[in-house]
Structures are given as structure tokens and as C-alpha cells.
Amino acid sequence: MNSRIYLASPHMSGEEMKYIKEAFDTNWIAPLGENVNNFEKDICDYTGAKYATALSSGTAALHLGLKALGVKEGDIVFCQSLTFSASANPILYEKAIPVFIDSNYETWNMCPKALEKAFEDAKKENKLPKAVVTVNLYGQSADYDSIRKICSKYNVPILEDAAESLGAKYKGQYTGTLGDIGVYSFNGNKIITTSGGGMIISNKKEYTDKALFLATQARDNAPYYLHSEVGYNYRMSNVVAGIGRGQMTVLNKRIEQKKYIYDKYRESFKDIDEIEIMPEFEKPNHWLSVITLKDESKVEAIIEALSKENIEARRVWNPMHRQPIFKRYKYFTESKDTDVSGDLFDRGVCLPSDTKMTDEDLQRVIDIIKGLM
Ligand SMILES: *Cc1c(COP(=O)(O)O)cnc(C)c1O
């Protein structure tokens, strides 16, 4: 059997152990220390964000992002429907009410027209959302000029879920810095990893300070333990932050490799009428290469055929408005009979996008898919 080809798996630079060893040599094995500080600085230097707080996961960063924006029980939060459940779960942690927004075909992300409809409805109901959670799916930016225009009209802040899109740009600006607060994930499958981890970034220090305060058990400034708010244990460990520092040295290289994979798929499938590749909007990091099929029934066939060859492929995220846990909440689309996120789920396949794949691996994947057409 050939060795397994993954969708996306950790890919070390070789520099990681140096920083981990530093943590051991100096005995900074705690959730604070030089690696944490420098990893935050690396992310700020790279993205141009002014402030950052490193956390234990992207989910924790989204949770504290909502809290920093003042989301409380009963508040409404708009959220892109086509995403991983971690974008939406923190809304329920706070007993707030999610309202889901459809995507458009151009970006696969939040549809500005559907967003406008949701705002019009909220205005009619006299209850505007406390925040809008945008997502940059599969490493591709949403249409921020249009989204920001609508959000500023209603004076509602944006929490940007950039968990998948570190290094991707919108009009020359790094994703994660396009909302009021941005969130990155360093889970094992993301473009760079710390094994597990996340970060919250902002140009407003009060947001990242609030996240740091809440992430370290919400200890008030007093000479003894004093708490006037519920705290969390969400800080990133200094050991794994060392992995992050090593990974930052190869982020640009990984983006190039991911683009190479995407271009190869696009080129190989361009003459096959039944296959369409996810369109490029602005400057993605191409975290995952995704195709849609004209014929829905081919989706499972492709995943199965690849699986038989020990190759991992997966369905597109199943949108939140179709999830049993979220089904009861409102969902806005551009028009009555469109459901772009549902359609992309029905017809989409995420292809192996692992940067450790060889050209031969990539060709095998392509040949198997072509063989089914
Ligand atoms: C991975 C991911 C998250 C969650 O990040 P974790 O670090 O795994 O908690 C959130 N949103 C999206 C879109 C993701 O892909």
C-alpha cells in the first residue's frame, strides 16, 4: 500500500526544536515566556496587526473575541453559515442567538446581499446584532469592502474568523486584519501549526488586553486573588509557541506550495466540463484546494475511490443552517430560492492539499479523479 496522502497535515521547518529547547533550557514551560511574546510579535510583524494575544485554540480566540465585543446572553450575532462549527459554537457558549448568512459563488464567503437582508430584518425587529462573524473559507478572503460598508452603516463590529486564511490577502492587506478583531488557528491541519493553538489580533489594544485578562482567569489588579468576572484558562503554552516561531519561518513557502497544488489541479481539470475548481478571489493562501462537480452523485464516488488508494479527501463544510444544533435559528440568503452554501456542500470535494505531497502523489490523485469522469 502507498503511504497515506493527507488533506493537510503538519509540516515542520526544522527550526521548531531550537525554540522548544530554549523553553526547556530556561525552564519557561509555563503558558508565558519568550516564545509566547515572540510568536505574538512575529504574527504582528507579518500581518501588520498592532496587537496580539496567543491562546490555546482558534475556538478560544473566537470565544474571547465575542466577549471583547460585549456579546451577552440574548444578543444576536450574525455568522456565515458555510463554515466549521467552531465559528458558531462560541455564540452559544454565551447564550447569544446566531443568525446565519449565506455565501456567494464569487468568494464562497458571506454574501453582502444576504447580509443586507439580515440587517433589514434585524432593524425591523428593532434588535441589531452585537457582532458579525465573517469567515475566510479555505484560505480565501471575503468581500470586505462590501461587508464593511454594510456593517459600518449599522455601526456593528466584525469578528473575522481567519482561522484558515493566515497569509491570504484582500486588496494588499492581510486577512485577519480586515475586521475589528481577527482570529487565527494553529491546529494541526492549518497552514502552519503549533499542534494546537490560536491567536486574537486587533489594532485596538483594549480588545487583545481583554482577551489576555479573560484567558488568564480574570484576575483583578489586587495583592490577593480577586475576581469580578468569570475567567478562562485559554493562554498558549510557551512550549508550543516555540513550534509557532519555527513555523513562521516557512509560512510564505507553504503559501507558494499550496498555490502550486491549486494551479496543478486547475490546469489538470480545466478541460473537464464536469469539474469546476473553487474560484480565486483576491489573494488566497490556498489552504485547501476544493472542486465542485456538476453531478452531485460523483462526490461520494471520488471520496471513496481516493480512500481505497489510501488518499484522504473530504466533503465541504456542512453549513450551519443544516446542522441539528443550529437548524432552529434564522438563515438569510440573497433571494428566496437560493442556497449557495447548501449547494456548495452538496457538490463540493476538498482535495488533498498537503504540502508534503510529491509531484507523483499529486498526479496519482488527479489520475484517479479523471478516471471517474
Ligand atoms: C480550525 C477552525 C476553527 C477552530 O480553530 P481551533 O484552533 O481548531 O479551535 C475555527 N474556524 C474555522 C473556520 C476553522 O477552520
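Tutor: Let us begin with strand β12 and strand β14 (residues 348-351), which run antiparallel and are joined by two bridges. Two strands count as paired if DSSP finds at least two bridges between them, while strands (E, at least two residues) and helices (H or I, at least four residues) are DSSP runs numbered from the N terminus. Within this pair, Arg314 stands opposite Cys350 in β14. Before going further, please keep in mind that this is a predicted model, in which local features need pLDDT of at least 70 and side-chain atom pairs count only at pLDDT 80 or more, whereas totals for chains, interfaces and linings use all residues. Residues are numbered from 1 along each chain as its sequence is written, and side-chain values use heavy atoms, with hydrogens and water left out.

The pair belongs to an open sheet of four strands, in the order β10-β11-β14-β12, with antiparallel pairing. At its edges stand β10 (275-277) and β12 (314-315), each of which pairs on one side only. In general, strands of a sheet pair through backbone hydrogen bonds, either parallel or antiparallel.

The other sheet to look at is also open, with eight strands in the order β1-β9-β8-β5-β4-β2-β3-β13 and mixed pairing. Here β1 (51-55) and β13 (331-332) are the edge strands, each with a single partner, so one side of each has no neighbour in the sheet. Inside this sheet, β8 (residues 181-185) and β9 (residues 198-202) pair in the antiparallel sense over four bridges, and Val183 stands opposite Ile200 in β9. Helix α6 (residues 144-153) packs on the sheet, touching β4 (131-135) and β5 (158-161), and its direction makes about 150° with that of β5; axes are lines fitted to C-alpha atoms, for helices over the stretch in contact, and angles run from 0 to 180 degrees between N-to-C directions. Helix α7 (residues 205-215) lies across β1, β8 and β9, at about 20° to β1.

Now consider the chain as a whole, which the domain assignment (automatic or from a database) divides into domain 1 (16-248) and domain 2 (251-372). Between them, 50 residues of domain 1 are in contact with 40 residues of domain 2, contact meaning heavy atoms within 4.5 Å. Two salt bridges are counted between the domains, a salt bridge being a side-chain nitrogen of Lys or Arg within 4 Å of a carboxyl oxygen of Asp or Glu.
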